[in-house]
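Please work through the exercises below with the model in view. Each task is followed by a stepwise solution.

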Amino acid sequence: GKPLVVAIDGPSGSGKSSVSRETARRLHAAYLDTGAMYRAVTWHCLDTGVDLQEAASVEKASREVDLKISTDPDHELVSVDGTDVTLAIREPSISSAVSAVATTLGARAELIRRQQQIIADSGRRIVAEGRDITTVVAPDAEARILLTASEEARLRRRGIQLGGTQGDAQLQEQVLTRDAKDSTVVNFHEAADGVFTVDSSDLDFEETVEAVLAAVRSAA
Ligand code: C5P
């Protein structure tokens with residue numbers, strides 16, 4: 001079919017991953033979770049004892065790691081040097097360390113390159129989500145969307161996702177501190193020129209998917 005790259009950015013807790021995955025299913029497109037790639041490099045650095053404060057080592061690790069990620073929206077799989085890390089990369093220890101990789105510019109450049117390759121290999125029929133897809137990875141995408149939600153809504157969703165066992169302070173620390181660190185290298189709080197904003201604060205999951213699909217239809 002004709003190319004359809006849908007780029008979706010947004011902060012954590014905006015519902016970005018589940019909404020993007022479902023959007024890909026409905027469009028019969030591939031799906032790329034770029035955050036999973038930053039998480040996988042972080043897992044690899046922790047596993048092999050790479051000091052996350054040493055930019056040159058983190059960059060080298062990002063270049064050399066054998067990283068595989070499924071782009072089938074119905075089959076989630078991330079592997080590092082042949083080890084299945086699909087579940088391991090969701091651990092809180094990874095969430096709290098991942099910004100160190102994301103703010104290492106050499107590692108970012110390497111992951112951006114890999115992401116652009118995955119998008120090209122998909123035949124450019126793909127929904128790709130992250131923090132810099134609309135602006136850096138795929139600024140030429142047919143549809144570009146910023147998925148936002150109020151701070152309150154984001155904290156509520158993350159709390160539910162984590163099973164409601166975390167205290168408010170811990171949750172705030174995990175969601176807001178990570179976004180603040182990430183914001184030093186990427187702007188995912190404001191829509192760039194030509195990027196359509198979907199605010200999911202008062203929408204349920206299905207309504208958010210519908211709003212994203214409507215944005216795709218109007219843009220592409
Ligand atoms: O989307 P998710 O919360 O899994 O992303 C994990 C981390 O990966 C983010 O907190 C951010 O540090 C990094 N990231 C990024 N650029 C992207 C996607 C994710 O810096 N495009």
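The model is predicted: local features need pLDDT of at least 70, side-chain atom pairs count only at pLDDT 80 or more, and totals for chains, interfaces and linings use all residues. Residues are numbered from 1 along each chain as its sequence is written.

**Exercise 1.** Identify the largest nonpolar core and the elements that supply it.

Step 1. A nonpolar core is a set of buried Ala, Val, Leu, Ile, Met, Phe, Trp, Tyr and Cys residues joined through C-beta atoms within 7 Å. Buried means that 20 or more other C-beta atoms, placed from the backbone, lie within 10 Å of the residue's own.

Step 2. The largest such core has 29 residues, and Ala7, Ile126, Val127, Ala128 and Ile145 have the most contacts inside it. Among the elements supplying at least two residues each are strand 1 (4-9), strand 6 (125-130) and helix 9 (205-219); helices (H or I, at least four residues) and strands (E, at least two) are DSSP runs numbered from the N terminus.

Step 3. A second, separate core of 21 residues includes Met37 and Val101.

**Exercise 2.** Determine where Gly10 lies and why it counts as buried.

Step 1. Gly10 belongs to the loop between strand 1 and helix 1.

Step 2. Gly10 counts as buried because it has 27 C-beta neighbours inside 10 Å.

Step 3. Beyond four places in sequence, Gly10 is in contact (C-beta atoms within 7 Å) with Lys16, Leu146, Leu147, Thr148 and Phe188.

Key:
Buried ≥ 20, exposed ≤ 12 C-beta atoms within 10 Å, placed from the backbone. Contact = placed C-beta atoms within 7 Å.
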